[in-house]
Amino acid sequence: MVAVNSQMVPLTTLRPADPTIEPLVTGAPASLVMFLSNHCPYVRHIGRELGLITQRFAVKGVGIVGVMSNDIEAYPDDAPAKMVITARSYGWDFPYLFDESQDLARLFNAACTPDFFVYGPDSRLAYRGQFDAARPKNDVGVTGRDLKAAVEAVLRGELPDPDQVPSLGCSIKWRPLS
């Protein structure tokens with residue numbers, strides 16, 4: 001398995017406008033856009049804790065959306081029917097959208113799964129980084145520490161620590177250009 005780092009989009013970048021995501025995150029005190037995958041071992045490793053954490057965020061009014069942008073012809077385990085099964089198995093109560101065109105992944109400069117983007121109420125990027133330091137092949141416990149700290153800072157009206165560690169995971173599986 002070859003891991004890829006997130007792109008580390010510049011902080012304060014305005015959240016890309018997209019009619020699919022806007023109703024889910026507009027007006028929230030913080031919003032979380034995540035690029036996920038059903039088959040990626042990095043996502044599977046954090047899946048249950050991600051479900052628990054996002055449930056707590058939702059209670060606090062955070063706008064949350066998960067996006068799956070992989071090429072499902074090459075990776076059928078990421079197909080929409082299997083997205084429903086994955087979401088249920090991990091307790092993902094947030095909308096988990098299929099980005100068939102892969103336009104959302106391009107708009108957000110998503111590079112890997114998982115890839116996390118936290119925006120403040122001004123729709124400016126406050127965090128883009130790892131969930132925590134846990135990986136499928138290390139002994140670090142899955143806690144969501146980094147993502148939790150970032151969202152909590154935004155909810156308090158503060159900026160998260162700008163020293164952010166890139167997310168690490170499976171690359172977005174792009175469709176071949178035609």
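Mentor: Asp-146 forms a salt bridge with Arg-145, with 3.9 Å between the closest N and O atoms; the term denotes a side-chain nitrogen of Lys or Arg within 4 Å of a carboxyl oxygen of Asp or Glu. This is a predicted model, in which local features need pLDDT of at least 70 and side-chain atom pairs count only at pLDDT 80 or more, while totals for chains, interfaces and linings use all residues. Residues are numbered from 1 along each chain as its sequence is written, and side-chain values use heavy atoms, with hydrogens and water left out.

Asp-146 is buried at 15% relative accessibility, whereas Arg-145 is exposed at 58%. Here buried means under 20% relative accessible area, exposed over 50%, and partly exposed in between (1.4 Å probe, protein chains only).

Helix 5 spans residues 145-155; helices (H or I, at least four residues) and strands (E, at least two) are DSSP runs numbered from the N terminus. Its buried residues are Asp-146, Leu-147, Ala-150, Val-151, Ala-153 and Val-154. Seen down the axis, they fall within an arc of 160°, taken from the directions from the helix axis to the C-beta atoms, and so line one face of helix 5. They pack against strand 2 (31-35), helix 2 (41-59), strand 6 (115-119) and strand 7 (125-129), contact meaning heavy atoms within 4.5 Å.

After helix 5 comes Gly-157, with a positive phi near 80°. Glu-158 and Arg-156 form a salt bridge at 3.0 Å between the closest N and O atoms; Glu-158 is partly exposed at 41% relative accessibility, and Arg-156 is exposed at 53%.
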